[in-house]
Amino acid sequence: MNDCVDILKILEKDGPMISRDKIAHMVGKSEEEVNAIIAGLEKENIIVGYKTMINWDVTDTELVNALIELRITPQRGEGYDKFAERIYKYPQVKSLFLMSGAYDLCVILEGSSMKEVALFVAQKLAPMESVISTATHFVLKKYKEDGLVFYKDEKDTRQVITL
Amino acid sequence: MMNYDNILNEKIKSIPPSGIRKFFDLVATMDDAISLGVGEPDFDTPWSIREAGIYSLEKGKTFYTPNSGLPDLRREICNYTKRKYNVEYNPNEEVLVTVGGSEAIDLMIRCLVEEGDEVLIPEPSFVCYKPCATLARGVAVPIETKEENDFKLMPEQLREKITDKTKLLILPFPNNPTGAVMNKKELEAIAEVLKDTDIMVLSDEIYSELTYTEEGHTCFSAIDGMRERTVVVNGFSKAFAMTGWRLGYATGPSPIIKAMTKLHQYAIMSAPTTSQFAAIEAMKNCDRDVSEMVREYNNRRRYILDGFHSMGLSCFEPMGAFYVFPCIKSLGMTSEEFCEKLLEEEKVAVVPGNAFGESGEGFIRCSYAYSIESITEALNRIERFVKRHK
């Protein structure tokens with residue numbers, strides 16, 4: 001399992017673009033072994049998918065993100081899961097978490113304008129039977145997401161040689 | 001007109017500056033070189049440590065600390081040493097916080113060595129032991145560790161070099177530049193040679209956290225009977241990526257630590273206060289940060305080692321620190337020639353092995369405290385260079 005963790009950590013940090021050959025050297029295995037391990041991890045859904053992190057703010061594409069706090073009444077015999085499924089099937093929903101504390105579900109929405117996001121909340125989420133209340137918070141600027149910092153200066157300022 | 005040459009202390013004049021002047025001057029002119037030359041981590045100091053330092057400044061903690069270091073820090077050092085290496089020290093008498101591990105090395109050598117005393121130094125090794133011994137009017141006696149022994153100190157080599165004048169043995173493991181480590185069994189064999197002597201040991205364990213064997217690092221004072229004759233030097237630079245904070249420590253028998261503290265008190269007063277507050281956080285709460293860095297180093301270690309093997313250079317597998325030490329003898333060049341040509345032709349900076357003692361001749365030290373991308377680019381260039389000169 002430790003080998004798997006090593007490989008998972010590398011993929012989590014560098015994404016699928018890092019060559020299998022490179023991974024093989026890093027973990028001390030053959031490329032074939034690494035391919036087999038990764039295929040197994042994908043099959044078991046431990047590797048759920050691969051994504052690219054994009055800073056849309058510096059492109060011309062207008063994208064708006066919002067965090068919606070959702071308070072709901074869980075349905076008898078179904079709990080939260082069934083309800084969650086009804087929400088995450090919308091493609092506008094980028095992330096969905098069941099939370100402890102003042103509200104139940106945290107919905108991360110993405111839309112092309114604030115109006116579009118607000119309308120989605122008003123027309124799709126708020127009217128659902130189990131929903132008690134919604135609170136919408138728009139994201140103004142992303143500094144860091146999934147461990148990646150969006151604006152950084154990574155120049156190596158060490159001396160060229162130190163003993 | 002002052003004649004400074006007449007004024008300067010003869011001992012100071014006799015010791016060379018660290019590194020190889022000509023090569024280092026050449027490196028300084030090459031702004032665009034990619035380097036595998038540094039002896040420090042590429043990671044930033046973990047944020048919680050930096051934050052603890054900042055907080056101490058905000059709170060106005062800008063005064064001298066007790067000479068031997070903040071009591072809380074000394075206590076945490078003892079907790080850490082017990083937790084990690086199963087060695088117990090008394091925080092009030094057996095710990096001294098210093099300006100980097102280097103100060104602790106200098107202090108211990110100066111506290112022990114008298115005119116003519118011999119200091120045994122396994123080589124290749126870090127550059128400060130020999131000049132420190134010389135300045136203390138001692139005699140540095142190198143012991144050449146060999147590639148065929150995985151650059152470990154062999155007990156019979158040690159036995160051969162011991163004389164009536166031997167005062168001190170330096171144990172520099174995990175080793176800079178070779179990356180060699182010594183496991184418990186091998187250290188026990190060294191202890192066996194020492195046990196009926198009065199020889200003291202300076203165990204420089206600054207790279208202890210960066211050990212990649214399953215057994216992990218063994219502290220020399222944890223070996224049966226060795227605690228009473230050993231001062232362990234460690235610090236924050238390598239494990240916690242804190243080189244610029246300049247903070248290290250020594251743990252050992254009270255009379256020795258007391259003497260070292262006396263010297264430290266006159267020369268330094270106390271180690272930097274901000275760094276000491278930050279270091280408390282490092283000792284208490286940063287195991288996870290360290291293990292993530294170690295995992296990353298280990299990946300790079302295997303990667304760079306495979307790289308050198310696949311270009312046909314012999315390279316022993318280092319199990320500690322963040323260096324590989326490939327042998328370049330097959331190219332028929334000296335270490336310095338290799339490094340100068342590599343720098344000129346491919347703009348890659350690595351360190352000639354003989355910077356770490358004569359026995360390092362025929363080797364080069366390459367650090368893997370760099371991103372995989374930088375290592376890949378450097379390896380590609382070195383491979384091109386090796387092919388051209390074979």
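**Notes on a two-chain predicted model**

1. Let me start with a proline: P124(B) sits in the loop that links strand 3 of chain B to helix 7 (129-135) of chain B. Helices here are DSSP runs of H or I with at least four residues, strands are runs of E with at least two, and both are numbered from the N terminus. The peptide bond between E123(B) and P124(B) is cis, with omega about 5°. Chain B has another cis bond to look at, from N176(B) to P177(B), with omega near 20°. P177(B) belongs to the loop between strand 5 (166-171) and helix 9 (184-194) of chain B. As background, most residues other than glycine have a negative phi, and most peptide bonds are trans.

2. A word on conventions. This is a predicted model, in which local features need pLDDT of at least 70 and side-chain atom pairs count only at pLDDT 80 or more, while totals for chains, interfaces and linings use all residues. Residues are numbered from 1 along each chain as its sequence is written, and chains are lettered from A and ligands numbered from 1 in the order in which they are written.

3. Strand 3 of chain B runs parallel to strand 4 (residues 139-144) of chain B, and 6 bridges join them; P122(B) is opposite I143(B). Strands pair when DSSP finds at least two bridges between them.

4. How do the overall shapes come out? Chain B, with 14 helices and 12 strands, has a radius of gyration of 21 Å, which agrees with the value near 21 Å for a compact globule of 390 residues. Chain A, with 5 helices and 6 strands, also has 21 Å, but the globule rule gives 15 Å for its 163 residues, so chain A is more spread out than a compact globule. The radius is taken over C-alpha atoms, and the rule is 2.2 Å times the number of residues to the power 0.38. The C-alpha boxes along the principal axes are roughly 65 × 40 × 30 Å for chain A and about 60 × 60 × 50 Å for chain B.

5. Burial in chain A comes to 14% of its 163 residues; in chain B, 51% of the 390 residues are buried. For contacts (C-beta atoms, placed from the backbone, within 7 Å) between residues at least 6 apart in sequence, 55% in chain A join residues at least 24 apart, and the share in chain B is 75%.

6. The elements of chain A follow the order α-α-α-β-α-β-β-α-β-β-β from the N terminus. Chain A has an open sheet of 4 strands in the order 2-3-1-4, paired antiparallel. Its edges are strand 2 (93-98) and strand 4 (131-138) of chain A. Strand 1 (residues 64-72) and strand 3 (residues 105-111) of chain A share 7 bridges, with I68(A) opposite V107(A). Helix 4 (residues 81-88) of chain A packs on this sheet, touching strands 1, 2 and 3, and its direction makes about 165° with that of strand 2 of chain A. Axes here are lines fitted to C-alpha atoms, for helices over the stretch in contact, and angles run from 0 to 180 degrees between N-to-C directions.

7. Where do the chains meet? In the interface, 15 residues of chain A contact 21 residues of chain B. Helix 1 (2-14) and helix 2 (20-27) of chain A each give two or more residues to the chain A side, and helix 2 gives the largest share, 4 residues.

8. Two backbone spots in chain A may interest you. N45(A), in the loop between helix 3 (31-43) and strand 1 of chain A, has a positive phi near 65° and counts as exposed, with 8 C-beta neighbours inside 10 Å. D146(A), in the loop between strand 5 (144-145) and strand 6 (148-149) of chain A, has a positive phi of about 45° and is exposed too, with 7 such neighbours.

Terms used: A residue is buried if 20 or more other C-beta atoms lie within 10 Å of its own, exposed if 12 or fewer, and partly exposed in between; C-beta atoms are placed from the backbone. Two residues are in contact if their C-beta atoms, placed from the backbone, lie within 7 Å.
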